[in-house]
Amino acid sequence: MKRAFITGIEGQDGSYLAELLLAKNYEVHGLYRRSTNGGSPNLKHLRANPLVFQKTLFLYPADLDEVDSIRVPLEKAAPDEIYHLASQSHVGQSFEKVEETCRVTGLGTLRLLELARQLPRPARFFHASSSEIFGSPEQSPQDENTPVNPITPYGCAKAFGTQLTKIYRKNFGLFAVNGILFNHESPRRGENFVTRKICRAVAAIKAGRQKELVLGDTSAQRDWGNARDYVRGLWLTLQHETPEDFVFATGKLNRVQDIVEIAFRAVELDWRQYVRQEAALFRAADPRQVVGNPAKAKQLLGWEPTITFEQTIVEMTRAELSA
Ligand code: NAP
Ligand code: GDD
């Protein structure tokens, strides 16, 4: 039985990855953030399952800011594979919390790499990097060779972690890889990301609990995929024979406005009556033309997205309606 160690296990990706690995008969050890005390609904069903919890799934409170809180469970788990997903992951908030973002997202990755290097038995290491490392790139679509040039504090912190992951691979012989992840969504997405914010609001408007939806820049574009497809990609990177970085993306651009139209259409309402933009929600800097080329993942890992943007938004809207 293989053992996996997941940081950020209660987040969107962490919870889907835990399910995927348990289904593959892994023993899964995961860190959740101590200050939130395991409150996320994403893992509730697994915590409540006596056949799984404390049998093949083990959870530990920790903080990326405190190295001992990571070291002790990591040494106990003695994993074959480490998936480092924990992060201050909100780009907009990274402008308000610059230092915290760099500490948690940047230095947190360094701390974990260093702990991984010191393990008596080598473990394969995955770092959740981001398309935000490219900033507003001149080359489109972006791939593994696109220059790193972040324009947000979050992107800067991820760029630091990404470069260190390469350094630990090249200089210390660690099997360490970056998955350069473009946006991916699901009903488990954090509530302050734009897809979930829109789908929640649309369901609340339909139910008569909310009157309007206030957004930032609705012309903003992203390459949006589905989280379940992406966690499969993360796992594949650590099964590959050599450690390499991979872009995970759909290769298709959509606008925030497209999410609005799909979600309102799913509940048979006219978005024009409910949506307005507010300048205060526009970002100080917002990447443009961020769209990925996943050809390398397709060629070497056999990875391809299977769930479309529209299917994801409809699924998220329906999940909010029945919540
Ligand atoms: P997420 O839902 O925000 O999950 C991140 C997890 O990290 C949360 O459970 C959070 O705990 C935990 N965390 C935050 N600060 C921590 C700290 N100081 N110590 C310990 N744990 C801490 O993010 P996600 O969408 O699953 O994404 C997974 C990873 O991929 C992240 O690193 C993200 O930056 C990266 N990424 C995501 C996307 C995407 O589109 N989803 C794209 C590119 C890269 P709480 O639940 O208590 O806040
Ligand atoms: N959150 C939010 N709220 N975003 C809005 C809003 C709003 O009211 N209105 C417009 N937007 C725009 C943002 O300006 C951005 O251009 C786009 O919607 C997507 O915003 P988010 O959903 O917050 O995601 P993100 O692209 O900034 O960051 C996500 O993807 C990155 C990969 O590209 C996060 O998951 C990051 O962790 C990840 O690295």
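Predicted model: local features only at pLDDT ≥ 70, side-chain atom pairs only at ≥ 80, totals over all residues.

Author: Residues are numbered from 1 along each chain as its sequence is written, chains are lettered from A and ligands numbered from 1 in the order in which they are written, and side-chain values use heavy atoms, with hydrogens and water left out.

Reader: How is a pair of aromatic rings described?

Author: A pair of aromatic rings is described by the distance of the centres and the angle of the planes. Rings of Phe, Tyr and Trp (its six-membered ring) pair if their centres lie within 6.5 Å; planes under 30 degrees apart count as stacked, over 60 as edge-to-face and the rest as tilted. By this rule the count is eight aromatic pairs.

Reader: Why is the pair of Trp 224 and Phe 309 stacked?

Author: Their ring centres are 5.7 Å apart and their planes lie at 20°, so the pair is stacked. Trp 224 and Phe 309 are 85 residues apart in the chain, and both are buried (under 20% relative accessible area; exposed is over 50%, partly exposed in between, with a 1.4 Å probe and protein chains only).

Reader: What kind of aromatic pair do Phe 248 and Trp 303 form?

Author: Phe 248 and Trp 303 are edge-to-face, with 4.9 Å from centre to centre and 90° between the planes. Phe 248 is buried at 0% relative accessibility, and Trp 303 is buried at 1%. Ring pairs join Phe 248 and Trp 303 with Tyr 230 and Phe 246 in a cluster.

Methods:
Helix = DSSP H or I, 4+ residues; strand = E, 2+ residues; numbered from the N terminus.
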